[in-house]
Amino acid sequence: MTGLAVDAAVTPAAGENSRFAPSSDSSFTGTRRLLWLVLRRDRFRIAMWMLGLVGLMVVSASSIVALYTTNEDLEGYARTVRGNSALIIQAGPGYGLDDPTLGAVVMNETALWMFIAAAVMSVFMVVRHTRTEEEAERAELVRAAPVGRHAALASAMIGTLVVNTAIGAGNAVALLTFGLPTAGSLAFGASLVGVGMVFAGVAAVTAQVASGSRTALAAGGLVIGVAFVLRAIGDVGNGLLSWASPLGWAQSIRAYADERWWVLALPVVTTVVLVVAARALQDHRDYGSGLVAQRSGRPEATAQLSTALGLAVRLQRGSLVGWAAGLGALAFFYGLVADQAEQILEDNPDMADFFAQLGVASVTDAFLSTAMLIMTLFATGFTVSSVLRLRSEELSGRVDPLLAGPIDRRQWASSHLAIALAGTVALAFVCGAAMGAGTALMLGEADRVGELIGAGLVMVPAMWLLAGATLLVYGLLPRWSLAAWALVAWAFVAAMFGSLLDLPQWLLNLSPFQHVPALPAAPMSWLPIVLLAAIAAALIAAGLAALDRRDMA
Amino acid sequence: MSSAIQIEQLVKTFGSTRALDGLDLEVRTGEVHGFLGPNGSGKTVTIRILLGLLRADSGTVSLLGGDPWSDAVELHRHIAYVPGDVNLWPNLSGGETIDLLTRLREGGGSVGRQAVDLAKRDELIERLALDPTKKSRTYSKGNRQKVALIAGLSSSADVLLLDEPTSGLDPLMESVFQECVLEATAEGRTVLLSSHILAEVEKLCDRVTIIRQGRTVQSGTLDEMRHLTRTSISVATDRPITGLAAIDGVHDVAADDGEVRFDVDAGALDGTIRHVSSFGIRSLVSQPPTLEELFLRHYGDELDVASGRLDEAASS
């Protein structure tokens, strides 16, 4: 069974007088109305993304403007960052830091993460309005109307362009209001749109190829990950590989650092090529299936598939393996470059003082603990989405036949929760082991592996706490389940921008990760770990109790 | 225990909407009970309360003598459920889904039991012509429904809750389904069948409950119900009939080319036919009331009249 359509062969033999003879390409008919539908359906998500991505730039820029008032301040910042591979991986090549301006510092602190956020948003948006719609069988109703075959894809792409443009313009305006130069502000806004649209194009292609919408999303995410690693290697090294990454292009425009406008041609051309390719691929696939055909399954279930837990394992194992592979590769990569962190001490006496003041024994350790925090924050994405499976199972009605059997809600919810909690441990372990392996390889210190596995596992109670909070939201206010992502977003902001934004401590303390000892840079302390685990357990108990009391959708 | 399901004065509200507004339903053990009502009348809400998925606001609900909300798990060992709109896990095959649902119910059971279930399962897969190797995301609505039906019918459950279970099946498969339900009742099982397909209900059901806007409007055996409705008569006589419209219980009299048509209440049938026969009957066609007619009357604007008449009938 293949997913190939033979549309060319069955074109009706329309006579010259046939009123069905297409006068022009009608495969885009209805795009405008569908575009309205896309924007109407996503209006809340769009507002959230706008608020998040423009708001983050506003607060970041305002705090940087307030923090770095003199040339000495800027020069001090540049000295810490310049040539530090560990920081370059997380920030980019640092264009303009040789002769630092405010704009260059703002870019170095925020740009890369804004690009990644735009990419993630675009991938989600395009897949949601193409393959997910087909799977939900809503698209049938639309396609049965006089709507062209490519209209859904076109409206998804245009809708994503609208949102990316709004976010890019919002960012440019925000930067301009802080008195930053016009050219650089526009360049950053444009590159933000560019990177968003390239990944929208990537998603347009994966949506044609993948056998299902989840696979299409995962493939899009994988491309973002590869783009991140390529530019990280390029930025640390001779810069060549950065040109193979759309994230690298977005930085190469050099906002506030002698802009190179021609670089914008790269995302434009790539997006057009990807969209044309997606369009061509769509002609060769059947509605509802990808070019990669769906395989047949077993006629009978294995013994494992006999319980709610067995089902949860089956439903989530693919996603867990994907997360483990992706995070493991990234963590290994972080480990490989960890030794570079040591260089700064030799090159940069200021930094040595800085770390001495912090009481950090080794810059490598400081780098590794920060890297581990980032990795486990990523892994929390699995934790929360895994708990939120409960919501999608409930909404789709797939839970009904389970709960109509002799299974109570606690058992059912616990099955997915068990995967979320155990999967979290597994991911923390993989992150630690992979980072440890990379570090051990470069430093020749084999005991790094055990040390970093510990650094990963120590994060687990904080991640569990977010799992518990997600469950509580789901149990109490199921309609607000997606708000759980706000917790993850907050943990991210607190970790990545907390010190930059000079946020009050109590606000930062709302993120459970703030309380975890930053192994290996800081000494182990058990009390916060035990407390976090206890809070997680209480949240889980409350969530299960709330679920027991409410109506199922 | 004579009633498998006993519902009295059940109320369920969603915000300001009263989905169920004092619903009564009694399903006796071993019978096939038809559960009829227009879209949005509360059939599915009732079944979801019976499944313990929704919590009743007020009223009493008893399923196999237990409380569907608090005794859910224990009760669910004895019931099987087939929804009208079946959504399955897209990456599981049909065979895997059936096995999963069966095993969940049987709790992993003994080897002997599993062997029996497997035989039943394979027989049903064969009879309903399902390809169990296909992934659920590739199934049509009808095939998804077959998966749910096979999982439900191959179980040893005492009560089958079927919520418009044949809405996606072709007529051939529908008749297979009907055979399966009759086999289930022969084994002494109880079936609550919510349906829109009246022929199916007439063929399968012992008793019927009709609901509207969350309230029970009529309940009883099909015979009882027919008794409460009108027979359509079309008659040709030697002499023109007079005085027909004056008879209490005769409605909608219309003369057409020497033939007279009218509807008559069951209670007035005897007297009316005596009256008509005095004019010398040449031909007479009588149509018994169909369930369809019952159904339409209770959905139409005659609701108040009908329920008024029902009250009279009940008090007489």
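Please keep in mind that this is a predicted model. Chain A contains 23 helices and zero strands. Its C-alpha atoms occupy a box of roughly 85 × 60 × 40 Å along the principal axes. For 553 residues, a compact globule would have a radius of gyration near 24 Å, and chain A has 25 Å, so the chain agrees with that expectation. Of these 553 residues, 48% count as buried. Taking contacts in chain A between residues at least 6 apart in sequence, 76% join residues at least 24 apart.

Chain B has eleven helices and 13 strands. Its 316 residues include 40% that are buried. For contacts in chain B between residues at least 6 apart in sequence, 69% link residues at least 24 apart.

Let me return to chain A and its domains. To their contact, domain 1 of chain A gives 19 residues and domain 2 of chain A gives 20 residues.

Which elements give two or more residues to the side of domain 1 of chain A that touches domain 2 of chain A? They are helices H2 (43-67), H3 (71-81), H4 (85-91), H5 (102-129) and H10 (213-236) of chain A. H10(A) supplies the largest share of that side, five residues.

Thank you for your attention.

Note on methods: Residues numbered from 1 in each chain as written. Chains lettered and ligands numbered in written order. Predicted model: local features only at pLDDT ≥ 70, side-chain atom pairs only at ≥ 80, totals over all residues. Helix = DSSP H or I, 4+ residues; strand = E, 2+ residues; numbered from the N terminus. Rg over C-alpha atoms; globule rule 2.2 N^0.38 Å. Buried ≥ 20, exposed ≤ 12 C-beta atoms within 10 Å, placed from the backbone. Contact = placed C-beta atoms within 7 Å.
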